Amino acid sequence: MRIYNSATHKKEEFQPIESGKVRMYVCGPTVYDNIHIGNARTFISFDVIRRWLIASGYEVTFAQNLTDVDDKIIKRANEQGRTAAEVATEFSDKFIGVMRAANVLDPDVRPRATKEIGPMIAMIKTLIEQGHAYAADNGDVYFAVRSDSNYGQVSGRNIDDLMVGARIEENEDKNDPLDFALWKAAKPSWPSPWGEGRPGWHTECAAMVHRYLGTPIDIHGGGSDLAFPHHENECAQATCAWHQGFSNTWMHTGMLLVDGEKMSKSLGNFFTLAEVLEQHSAAALRLLMLQTSYRSPLDFSWERLEGAENSLTRIAGTVENLRWAANHATADADEAAAEAFAAKAAETRAAFKECMDDDFNTAGAMGAVFGFVTECNQYLEQAGDAADKTAALAAADTLVELLDTFGVELPEPKVELPLGLLGVAAGLVAYTGDDVDEAAAKILEARAEARAAKNWDLADAIRDQLKDLGLTIEDTAAGTRIKSL
């Protein structure tokens, strides 16, 4: 398995620190509002990466924080006349709920910043003792950036270049304009050796990673906007405090665009994840996102999402047709054709794995899936009513299992036939039983006889009666069936 390391700008052979185990951390949201689809792109991408690591046999410990104390939360609370804790609790719950709706697995560890103040203070004290941080007279504590000779290793930035043209906060309490806050004398506050205050944003993740996963970890991820300064500052604190590496591999997702433009409320192209899931399935959204590399910009549009829904329906239909053909074959299968078809399933699995092991190339993996869907439909057409049961069921299982690896759940086929079919059958033939499937077979038999006798009025009447029940007749290479509209 090879993974692109953002810190080295190249793909590297993945070698976990501990054989067979992966420790992975992905920065979570600041919980002051509903997350938008740009945030969702990052969380869904790392969910897929985590799922593939698990499918590859690794024991994955996945941690993701909730930033539940921050200036944005406080601002929102003041605007709404509520406490910061009330705002944070509301949007923490909403975040967890919408992640589950998007079929994103819960993390193994979900620390909250307000519950981790003690470990953060301990880390800051260590940094001060080692000369990497200092307390200002106003109660703030700052990290001394120039004390870290490796600063810039995550984002690839030169420390001197940062002074040129950069938007650096002027603050007379800092020893250097590049220094960043580890502790702020601000409310809401907690007691500390430097007075009442709260942690800086960059501080929490470093302390949480060290506490829950230990350092160094195998993978640290987030959106590309976090590489600098957030991840850079995390890494600086951790490596200076504990004199170990922080993360062996850094991974960052690309930006999400909407119809080719940056998402913005002023442009009217800003959508929350909850809004999108009200109109489309989580499976379709995931399918859309999978068709672009996690590192590349992703262009979202409602048309592309509708296209993903259609692709999902096509795949689900193919799975349904494979299973139906397997269970309704009436002639002997062509063994050579069946063996060739079974080989295509094995080739698809191999191609899927090869793509995913190459920096989680979901676009290539989905290409293998779509190609196999075409192969499946061609086999069903050629086999007719002589489909090989074993090969057809194995092909259906292949499609379901590969998509399940991505967290994409295919829509369930509407297979339940209504009891109203009994009445339709009784009106067409001398049928008085109570078996719906048997009634369906009688109706199809009556239609076939009507068509053979060119009794189009009867054939149309059968079709119309079924339509009234929300059903249609589908002619396939393997035979004719009644299914939901």
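Q: What makes helix α4 (residues 117–129) and helix α5 (residues 201–212) a packed pair, in terms of angle and axes?
A: They pack at an angle of about 100 degrees, and their axes are 9 Å apart. α4 is therefore roughly perpendicular to α5, because that label covers angles of 65 to 115 degrees, while under 35 counts as roughly parallel, over 145 as roughly antiparallel and the rest as oblique. The axes are lines fitted to C-alpha atoms, for helices over the stretch in contact, and angles run from 0 to 180 degrees between N-to-C directions.

Q: What kind of model is this, and what does it count?
A: This is a predicted model, in which local features need pLDDT of at least 70 and side-chain atom pairs count only at pLDDT 80 or more, while totals for chains, interfaces and linings use all residues. Residues are numbered from 1 along each chain as its sequence is written, and side-chain values use heavy atoms, with hydrogens and water left out.

Q: How do you know which residues of α4 and α5 meet?
A: Contact means heavy atoms within 4.5 Å. Pro 119, Met 120, Met 123 and Ile 124 in α4 meet Thr 203, Glu 204, Ala 206, Ala 207, Met 208 and Arg 211 in α5. By class, this contact has 7 nonpolar, 1 polar and 2 charged residues. Here Ala, Val, Leu, Ile, Met, Phe, Trp, Tyr, Cys and Pro count as nonpolar, Asp, Glu, Lys and Arg as charged, and the others, Gly among them, as polar.

Q: What makes β5 (133–135) and β8 (198–199) edge strands?
A: Start with the sheet: 4 strands form an open, antiparallel sheet in the order β5-β6-β7-β8. β5 and β8 each have a single partner strand, so one side of each is left without a neighbour in the sheet. Two strands pair if DSSP finds at least two bridges between them. Strand β6 (residues 141–143) and strand β7 (residues 180–184) are joined by 3 bridges, and Tyr 142 stands opposite Ala 181 in β7. α4 packs on this sheet, touching β5, β6, β7 and β8, and its direction makes about 125 degrees with that of β7.

Q: How do you know what counts as a helix or a strand here?
A: Both are DSSP runs, numbered from the N terminus: a helix is H or I over at least four residues, and a strand is E over at least two.

Q: Why is strand β9 (residues 217–223) called mostly covered?
A: In β9, 7 of its 7 residues are buried. Buried means under 20% relative accessible area, exposed means over 50%, and partly exposed lies in between (1.4 Å probe, protein chains only).

Q: What does β9 pair with on the way to strand β10 (residues 247–253), and what is the handedness of the crossover?
A: β9 pairs in the parallel sense with strand β3 (residues 21–26) over 3 bridges, and with β10 over 6 bridges. The chain then crosses from β9 through helix α6 (residues 227–242) to β10, in a right-handed β-α-β crossover. Right-handed means that, with the strands pointing away from the viewer, the path from the first strand over the helix to the second runs clockwise.

Q: Why is His 243 called exposed?
A: His 243 has 60% relative accessibility, so it counts as exposed. It is found in the loop between α6 and β10.

Q: Why is Gly 433 called partly exposed?
A: Gly 433 has 33% relative accessibility, so it counts as partly exposed. It sits in the loop between α13 (420–428) and α14 (436–452).

Q: How are helix α1 (residues 37–55) and helix α8 (residues 282–290) oriented to each other?
A: They pack at an angle of about 80 degrees, with axes 10 Å apart. α1 and α8 are therefore roughly perpendicular to each other. Their contact has 7 nonpolar, no polar and 4 charged residues.
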